[in-house]
Amino acid sequence: MADKRIEIPTLDQEKGSKLGLRARVCFVCGVNTKSYHLNYGVSTCLGCRAFFRRSVQQNKGKTYPCKNSSECNVDGESRKKCRKCRFQRCLNAGMNPECVLNDDQKKKRFKRSLKRQRAGKKYQTEKQHNEILLKGISTKELDPIEDNTTEQKLSPKLLFKKRFIKQYEQEVSAASMNFPSKRDKTSLENEVREAWEQALKMVPCMALVKDCFVQFHMNESTVMRPAFHFALCHSKDLFYSFSQNLESFRMLSANDQGALLESNTSKFLALITSMYFLETKSVDQLRWLFREELSFPKHYDPVTLFDYQLLGSDTVYRDIRNLLQQFSSYGVKYEHIHVLAASCLFHVEPSLTVHMLEINSISKFFKDVSSISSWTAKVNNNLQDNLSELAFVLVDRFFVGSFVANNVRTNPEFIVDDEIWLNEASSLLMDGMCNIPVDKSVLNELLHFCITSTQLPEPLINTLFDLFKGKFLALFNLPQLKREFSADILYQCLEPSLPGAFCATLGHILSRNNFMGSLSTFLSLQERLYLREKIRAGVTSVGPLMLNKVDQTSFVVLNDRVVQFQFDRIPRHAFFKDRQLFLGMLLRVLSCQLILKHPESTIARFCEKFFLKCSHRFEQVTNLSFTYFQDSLASLKLSYVVSIAKNQNICTQ
DNA sequence: CCCTCAGGGCCAATT
DNA sequence: AATTGGCCCTGAGGG
Ligand SMILES: [Zn+2]
Ligand SMILES: [Zn+2]
């Protein structure tokens, strides 16, 4: 079966083609395509498909010259300018040369039509050739020695990967030098246990919440979401306190601490939630949730509660059943919760390793924890996998944002009322935004360009612009705005701000270092699950979105003063990574016209305070002027949007 | 049996 | 003359 070869050849580096992301743009030149088909494994236009076939058939791929040191732009117009770069981009996008049939394969595939042609012509000798060659093929197929050539063709991605690995290894060796003492198992376990017990003392749980749960279990009522939320919040604080009691954790840089907490707090919450639902007796259930034995009135037989709704999906249920099975087969019990917590805390998702500064210390500690007892290593392997889905659901249901706020001082000027206002407004804004669906094709396109680390093509950016315009209009539904302004005024003031808001959004997306992180604010649960499934299907890491016109490492702006900001020099925690806080920023951008025209309105006063909060944080961390930073960013992005608008020809009148 | 999908070749238009 | 890309043909595979 020669044709089977089309599906087989996925090397690990060929992530794009392995996923088979369908889209309505060409992944090579970026033009929009009518068809929804894959060509040689990749979504492309007809032109790029034909070009690739010709290049491979005539074996010209390597001989194309380039005048521009192989860095030509490849888009709808320029794709004909440089064949070398076009072909290179075909390969980078994951097009597979082996999918182009060679003479033998062609003859085999189009046997009948050839026969028909032959009837009229003189292909006698061809037939013999044919059979000989076919034999040749079938023996050749049994023989899997053909990787050398493909490896060369895939070199850009390999190089990319190799660079990472090299850098990673360097960092590991560098840091393992200054990472001291190897602890033995028992002292490590003691350290963890002490940290845990101390945290238990330091972070007591509100009696009210516990009482609520006792009531639920006595009355067999469903678990009320607000109560569950409080329980999770308490567990979250406990986990934070636990992390701060651990010497090894406190020694990490702020960046790594933040990243670990942000990504792993939800795992811990997922762990206790799973166990809460899987234990068979009320007392055991509640012990996982509150770390203590809650007492019921005597002679009262409390009910075991199970809330399928809260888990979200069958996948989650299957995952946590797996977990339970493992726990019971290895004898893992509640008494091991501190070890499990440490495993959660120090686990690093493969996609995050790049963003960690001290990955070596972290993974070493994780390893040490894994070796505490015989079961830890085995359970740890699957712990994270089985928890990730639920963690995702929990964050989505109970925490609009992430978990970073803990270790950051807040501006005292920003009082509680404002915080509530912001939360309310941002969750409304976000609901509105998430409810505008995103086409599957667009999701696939975004994913593809992240996986292959290529710039987003212009047409896709325009599509995104339209999409986000729709999402931003959700702002019309904010009751805080409706109360003070008529719909007419709102529209007049908001409409001109849409491009600016889009820029702010791009800025937000760019400031995140991973794909899911950057997009999660704007997608619905289903859309995120769809992407996660795709990613799980065969990709180990997904890079950030890339936009060459905005993503510059440094830039210079401003009238009289020359200010140079280097993005990569500004620590990540200088910005609010929190969704809510980003949405606050978005709110400010969207309503800037309103603020100018109606400085006394609630939103104007709020935005003023919000700006103070942001700048306070930024200046505290970086010692740079937030105003300058904002202005320079704004002007840079503005020029970018103007260029988009020009190309789009929408402002031609 | 018909449909979808992803191959191939053809050839008018373009460069 | 060579290249490009829109269009149609072909056969595998699935319901
Ligand atoms: Zn193309
Ligand atoms: Zn070139």
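I began at the DNA and found a backbone N or O atom of L101 at 2.9 Å from a phosphate oxygen of DNA strand B. I count a polar contact as a pair of N or O atoms within 3.5 Å; within protein, one must be able to donate a hydrogen and the other to accept it, and residues adjacent in sequence count only if both atoms are side-chain atoms.

The model is predicted, so local features need pLDDT of at least 70 and side-chain atom pairs count only at pLDDT 80 or more, while totals for chains, interfaces and linings use all residues. Residues are numbered from 1 along each chain as its sequence is written, chains are lettered from A and ligands numbered from 1 in the order in which they are written, and side-chain values use heavy atoms, with hydrogens and water left out.

**Entry: DNA strand B**

I looked up two further phosphate contacts. L38 places a backbone N or O atom 3.0 Å from a phosphate oxygen of DNA strand B. Helix 2 (46-57) and helix 4 (103-109) are the elements that give two or more residues to the surface near DNA strand B. I take helices (H or I, at least four residues) and strands (E, at least two) as DSSP runs, numbered from the N terminus. Helix 2 gives the largest share, three residues.

I then listed the surroundings: 15 residues surround DNA strand B, the closest being L38, Y40, R49, R53 and L101. Near means that a heavy atom of the residue lies within 4 Å.

**Entry: helix 2 and helix 3**

I followed helix 2 to helix 3 (residues 83-93): their axes come within 10 Å and cross at roughly 100 degrees. That makes helix 2 roughly perpendicular to helix 3. Axes are lines fitted to C-alpha atoms, for helices over the stretch in contact, and angles run from 0 to 180 degrees between N-to-C directions. I use roughly parallel for under 35 degrees, roughly antiparallel for over 145, roughly perpendicular for 65 to 115 and oblique for the rest. In contact (heavy atoms within 4.5 Å), I found G47, C48, F51, F52, S55 and V56 of helix 2 against R83, R86, F87, C90 and L91 of helix 3.

**Entry: helix 17 and helix 18**

Helix 17 (residues 337-346) and helix 18 (residues 359-370) have axes 9 Å apart and pack at about 155 degrees. The two are therefore roughly antiparallel. V339, A342, S343 and F346 of helix 17 make the contact with I362, F365, F366 and V369 of helix 18. I noted seven nonpolar, one polar and no charged residues there.

Key. Ala, Val, Leu, Ile, Met, Phe, Trp, Tyr, Cys and Pro count as nonpolar, Asp, Glu, Lys and Arg as charged, and the others, Gly among them, as polar.
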